[in-house]
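Dear colleague,

I am handing over the structure below, and my notes on the ligand and on the aromatic rings follow it.

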Amino acid sequence: MRTSLEGQCILVTGSSGGIGAAIVERLAAEGARAIIHYGRDKDGAEALLDRIAGRGWVAQADLSTSEGPFELWRKSVDVAGRVHALVNNAGIRTEISIDASAQDWKSAWQKEFQVNFFAAADLSKEAIGHFKANGGGRIVNMASRAGQRGYAANAMPYGATKAALVNLTKSIARSFGADGVTAIAIAPGWVRTEMAQEFIAAHGKAAAVADIPIGEMAAPTEVAELVAFVLRPSQASLNGATLDVNGGSYIR
Ligand code: NAD
């Protein structure tokens, strides 16, 4: 077992399943303790804590509320004392047509921005303050290919939130390096999780993989491995980049 992350406490939002759970497992395998954040799936979060031999904590917070992100940060510091890194992984993908009512349209955009972007910005604010006062830290934002190349007509809020996350990452990287705070965005194409399953159920697998040169979605473990790599203390200069994990479906 590699222990490159020994001694680190890392908060991973939305980690009771999907990519977040794979991230927690990988971080634990490399020696870190994880704060497993969940919104509703308490059983999933506790089962994951068991799988990593209790090397961490679980913390609940609803990131669709304006107080949720601040509450989560407080809980994280309460249990861990010092937090070394924040992985803003929680996210939703809502389908909304331009033919929807104005009310449905506005509420879809507002919820998508609250969960995918405002929660990450609020947690970053709290984390940066904590990192500055405690010798530094790192932020990883789970963006998406959708934020880089634009997105489908029926899910425009999703792409917009992810583009905003990439920009936030760059601002943090430019602004707080002198305080020992660095930030990275990861931009996956399709990854085999519940979010992808919902898309496949509605639109078919061919629609998801048609424009991926390697012809397959990524496994959550691929993304998880990259997050662990980014958080290694040896990666001191990796700051401000957006790392693409998309099978060649968007090449910059
Ligand atoms: P998922 O649906 O399996 O997991 C999303 C997580 O976010 C869940 O744990 C969920 O509980 C949490 N979450 C959602 N709303 C919440 C709320 N209101 N309060 C608290 N937690 C909440 O999806 P995933 O595929 O594992 O996605 C993880 C991240 O990766 C997301 O940010 C997603 O946008 C991004 N991403 C996914 C894919 C993909 O194809 N699966 C591609 C690119 C980017």
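**Ligand shell and aromatic pairs**

The shell around the ligand is made up of 13 nonpolar, 11 polar and two charged residues, where Ala, Val, Leu, Ile, Met, Phe, Trp, Tyr, Cys and Pro count as nonpolar, Asp, Glu, Lys and Arg as charged, and the others, Gly among them, as polar. This is a predicted model, in which local features need pLDDT of at least 70 and side-chain atom pairs pLDDT 80 or more, while totals for chains, interfaces and linings use all residues. Residues are numbered from 1 along each chain as its sequence is written, and side-chain values use heavy atoms, without hydrogens and water.

In total 26 residues surround the ligand, the closest being I19, N89, Y158, V191 and T193 (a heavy atom within 4 Å counts as near). Among the polar contacts (N or O pairs within 3.5 Å), a backbone N or O atom of V191 lies 2.7 Å from a ligand oxygen, a polar backbone atom of L63 is 2.9 Å from a ligand nitrogen, and a backbone N or O atom of G91 is 3.3 Å from a ligand oxygen.

Turning to the rings, there are eight aromatic pairs (Phe, Tyr or six-membered Trp rings with centres within 6.5 Å; planes under 30 degrees apart are stacked, over 60 edge-to-face, the rest tilted). One of them, W73 with F131, is edge-to-face, at 6.3 Å centre to centre and 80° between the planes.

Best regards

Terms used:
Polar contact = N/O pair within 3.5 Å; in protein donor to acceptor, adjacent residues only side chain to side chain.
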